[in-house]
Amino acid sequence: MGRKDSVWSLGDGQPPEDIDKQIETPPLSTLLIEKPQGGSITVGGDITFIAKVEAKDLLRKPTIKWFKGKWMDLASKTGKHLQLKESFDRFTKIHTFEMHIIKAKENYAGNYRCEVTYKDKFDSCSFDLEVKGVCSPTHHSEGQEDAGELDFSGLLKHREPKQEEAPEVDVWEILKNARPDEYEKIAFTYGITDLRGLLKRLKKTKKEEKKSEAFAKKLDPAYQVDKGGKIRLIVDMADPTVDLKWYKNGQEIRPTPKYIFEHKGTQRILVINNCQINDDAAYSVTAGEEKSTTELFVKELPIKIVKELEPVKTTVNERIELECEVSEEGAKVKWMKNGVEVPTGVRSRYRVKCEGTKHWLIIDDAIKEDTATYSLMATGGTTEARVQVDLKPLKILQDLQDITIKLGQPMKLHCEILPVNVPGRWYRNGQLIQPSERLTILHRAKTHRLEVESCTLHDAGDYTFVPEGYSQSLSAKVHIIDPPRVHLEALNAPDNTVTIVAGNKLRLEIPISGEPAPRVVWMKGERVILDTGSRVRAETFPDHTCLTIDVTEREDSGNYKIVLQNEAGEDTASVKVKVVDIPDAPGAPLVPVVGGDWCSMTWDPPYYDGGSPILGKKQVHIHNFLGVQKSIFGGITLVFNHSFHAAWHVLLHQSYTLLLDNLCHSWYKNSSSSAYLPGPPQCVRIEEVWGENVALDWTPPKDNGNAPITGYTIQKADKKTMEWYTCVEHYHRTCITIGELVVGNEYFFRIFSENMVGLSESATTTKDSAVIVKEGMHLKNPEYIDYDFTEAPKFTQPLINTFAIAGYNASLNCSVRANPRPKVIWMKNKITILDDPRYRMFSNQGVCTLEIRKPSPFDGGVYTCKAINELGEAQVDCKLEVKGQSMLLLITSYRVLCKPPLPTSPHHGPHSFSI
């Protein structure tokens, strides 16, 4: 940071400013607009030092530190004698920092330093404090040259505790005799952190000192003593008659029980008893105009742990206090979390408390991340404890409830859990839900709420709330329902009436809606139309329903009712179907009046008007029937027989003449001969073939038999048999669709014409045939799950204990089953057999063989076969015992003795033998 290091006061008291002139330091940035000034007070008095920093160009508050001597940071020494304050004037933009010293003591005298830092800017200022005793001792100029009262407690804290039996070590003597490359190692070993000051001082001590006239031997450059111990500062005088004066940090030392002056020949000795931290200072002795200086380092004893930390197990949001007790009051310690120092700043969650020898680490509101191993480090030891912060048990005060909501209504899901302030996440069908304009997620204390302003079908599903950090979850099902509705406006028909010509195909598709999908029923009157009907059937799809009539007939006219039902309600609608066809004949005519050359006739209208009004009149007057040709209104022609009771027929737009002959009346067309059989139709064509249906089209016959064509008869024949079957009779139109044909057959069709006389003598046959093609069938191959044949090694035949004869090959066999193929390892006495020519290993089809060539007794032992693959391993053992040649001879002899002799005659009976 470019801070100016303090230096040790040496020899003749050369000012530290002169020593530092050799070191080039970078220029410091100016931050202080008012620097603290040195001052002088008496013992027990108060004094205030003020430093001011202008904040015009600063974005945040600068950092200030107050030091005494070289290293003592006064921020850790605040109390009843020292207070640090700071303030900020918003109008002048000036930070004011104050250091108050209350009831000063003698050891408060010395050099102080104020350091200010802001980002990469730095500024510092040094000032002196003089504390005068009651008797107002004379102030020497050397007091300002010394570095003030130095606190080396921080320097010596990290040194290893000194063993009682070990002799004192003079670091300076070691440094004087060491090589320059060993300085850093020695400084690290003996806890010297200010290596730069150490090298300066060492360089000064190595210079040849001027011979003193007053001192035969001056004080050593430095002394070291343990806290509470005793030290002797010895100087050898060249002139014993010269008066000496001893000084501590420039203050003259008076004889007290603590400071004892001794005279021993030419030696003058200063004995300091019960050395404490405040005795860590610069000492000097003057003899006339000459002076000898030294520094005393008081080594603090290691801070030991008296009371260890105890493990803590708690829950979230609870208070945690870790307590530890050390051997000395006011000791500096470090708190660590998992080996990292715990931050204890103003914004930190951790607070450190110290009262006497007790130290606390306090966490007011514990969280799960506070789970760690905490430790306290002191110079004399370390203690640690495990802190476990668990979540509080989840308590469900109100669970989510399954709800059913109508489409478009607001939806609210609500639950309550403990502990409070536990965040969580909402999921729908496993997908995370994010808040939006129409969807709101609320969390207040123990209450969690999910609200949807207007629900849609996509909002239905399984909802889950998962509290953060817990494995438990809350679930509910949301069911969105919509009342069913029939959308007849899609028909675009006036009064919902559909008109169709008889013989054509009718297909009504009507859109429907509803959630869940409604049940649809078509009805005509009290009869329900099923989806399994052949000619008339009703079908239902997810978004519409359909009524199909393959060939419409006059009986299909009427009102059709659609009924939709689901759990949300019911809806009905009606559709009127009007089938238009040729009307029926009117009723039998009556001739109430007959005149000389005229008659009057009346008749009833036809029972079926063909679906449209009859164009004609109920009463027709016929005049001039003697050869006079009249037009009949409404296309109605009457034919009278001998009794004037006419058999009549309906013809369209033709003119006839009524002739009267011997009271026998007949009608003739255009004054020609009577009617006869018509000719066959012309040009019969197959228009289209689809599925099981064939569409036919033809033209009327050229010769109608002197009478209107009243209908047609259509027949079909299979090509294989050519046997004709009638499909439709008395059909009035010149096009028709023949259905329900057999798939795979080939058909011919023929058509007869018909008038009032009868059917035509011949029929017109189609030139081409109609093939009813069988629709292709696609074979869907079944899916089979591959069987998993993999398995870990398993021996199906173990090894068998075997006896072998020395010098004769022996083999060991076993069988193993595994997939994938295992790696087989043979071992003898648990030692793997590798590259040994006496052994041969085989593995074929799972049979494992180990062949031992000409074994000797030393080849006996326990043999193991081990099989390994990626799924596991298995092994079997057996014992092999190798016998010598004597055993072979014994077995051979036994076999010879046991062999029966050959029979001498075939008539001899069985032989007996014994051993």
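I take buried to mean under 20% relative accessible area, and I keep in mind throughout that the model is predicted. With that cut-off I looked up Phe127, which is buried because its relative accessible area is 3%, and then Trp66, which counts as buried at 4%.

I next searched the whole structure for aromatic pairs and found nine. The rings of Trp66 and Phe127 have their centres 6.3 Å apart and their planes at 80 degrees, so I noted this pair as edge-to-face. Since Trp66 belongs to strand β4 and Phe127 to strand β9, the pair ties together parts that are 61 residues apart in sequence. I also recorded that these two residues form one aromatic cluster with Phe49 and Tyr112.

Turning to the largest nonpolar core, I counted 27 residues, and those with the most contacts inside it include Phe49, Trp66, Met99 and Tyr112. Among the elements giving two or more residues to this core are β3 (47-54), β4 (63-68) and β9 (121-132). I checked Met99 separately, leaving out residues up to four places away in sequence, and its contacts include Phe49, Trp66, Tyr112 and Phe127.

For strand β37 (residues 497-501), I asked which residues make up the covered face and which the uncovered one. Val498 and Ile500 are on the covered face, whereas Thr497, Thr499 and Val501 are on the uncovered one. I then found that β37 runs parallel to strand β44 (residues 569-580), joined to it by five bridges, and that Val498 has Val577 as its bridge partner there.

Methods
Residues are numbered from 1 along each chain as its sequence is written. This is a predicted model: local features need pLDDT of at least 70, side-chain atom pairs count only at pLDDT 80 or more; totals for chains, interfaces and linings use all residues. Side-chain values use heavy atoms; hydrogens and water are left out. A nonpolar core is a set of buried Ala, Val, Leu, Ile, Met, Phe, Trp, Tyr and Cys residues joined through side-chain atoms within 4.5 Å. Buried means under 20% relative accessible area, exposed over 50%, partly exposed in between (1.4 Å probe, protein chains only). Helices (H or I, at least four residues) and strands (E, at least two) are DSSP runs, numbered from the N terminus. Contact means heavy atoms within 4.5 Å. Two strands pair if DSSP finds at least two bridges between them. Rings of Phe, Tyr and Trp (its six-membered ring) pair if their centres lie within 6.5 Å; planes under 30 degrees apart count as stacked, over 60 as edge-to-face and the rest as tilted.
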